Amino acid sequence: QDGGSPPLSSNVTIKLIIQDQNDNPPQVLYPVQTGGSVVAEMVPRSADVGYLVTKVVAVDVDSGQNAWLSYKLQKATDRALFEVGLQNGEIRTIRQVTDKDAVKQRLTVIVEDNGQPSRSATVIVNVVVADSFPEVLSEFTDF
């Protein structure tokens with residue numbers, strides 16, 4: 001509005017688009033990484049192909065495509081035994097478990113967002129290949 005007599009005025013519509021910056025890395029919610037204790041998932045020796053071991057759960061507080069997450073197996077004691085679902089973070093067996101498989105399996109999963117450049121987080125998943133915990137308790141004295 002101007003200061004004339006009579007005052008004249010006009011309206012304008014402004015569209016403001018706020019773009020998200022990829023300033024947050026993914027946060028892993030499960031498995032919880034604590035300094036004092038080790039979480040281990042158990043896989044029975046009778047597990048078949050496709051057995052669901054666990055699921056890595058992560059979130060990203062960014063929005064839009066910056067928050068789209070993908071999961072990849074970065075390291076594993078035995079890469080031929082496990083796979084990680086790219087979109088869902090599910091860890092499954094890709095072959096039958098055998099008696100020759102190591103009791104203690106350690107998987108490193110990387111979670112990446114879809115930002116440019118992407119940001120990531122890693123999580124260690126400990127897996128015990130056994131039919132019961134008492135059978136393998138002595139293996140974990142170092143923990």
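Start with contacts, meaning heavy atoms within 4.5 Å. Among contacts in the chain between residues at least 6 apart in sequence, 66% join residues at least 24 apart.

This is a predicted model, so local features need pLDDT of at least 70, side-chain atom pairs count only at pLDDT 80 or more, and totals for chains, interfaces and linings use all residues. Residues are numbered from 1 along each chain as its sequence is written, and side-chain values use heavy atoms, with hydrogens and water left out.

Next, the fold. The chain has nine strands and zero helices. Strands are DSSP runs of E, at least two residues, and helices are runs of H or I, at least four, numbered from the N terminus.

Now burial. Of the 143 residues, 32% count as buried. Buried is under 20% relative accessible area, exposed is over 50%, and partly exposed is in between, with a 1.4 Å probe and protein chains only.

On to the core. A nonpolar core is a set of buried Ala, Val, Leu, Ile, Met, Phe, Trp, Tyr and Cys residues joined through side-chain atoms within 4.5 Å. The largest one has 20 residues, and Val56, Tyr71, Ile91 and Val109 have the most contacts inside it. Strands 5 (69-76), 6 (82-84), 8 (104-113) and 9 (120-129) each give two or more residues. Strand 9 gives the most, with four.

Look at Tyr71. Beyond its neighbours within four places in sequence, its contacts include Val56, Val57, Val84 and Val109.

Finally, Val57. Val57 sits in strand 4, residues 57-59. Val57 counts as partly exposed because its relative accessibility is 32%. Its C-alpha is 8.6 Å from that of Gln27, 30 residues apart along the chain.
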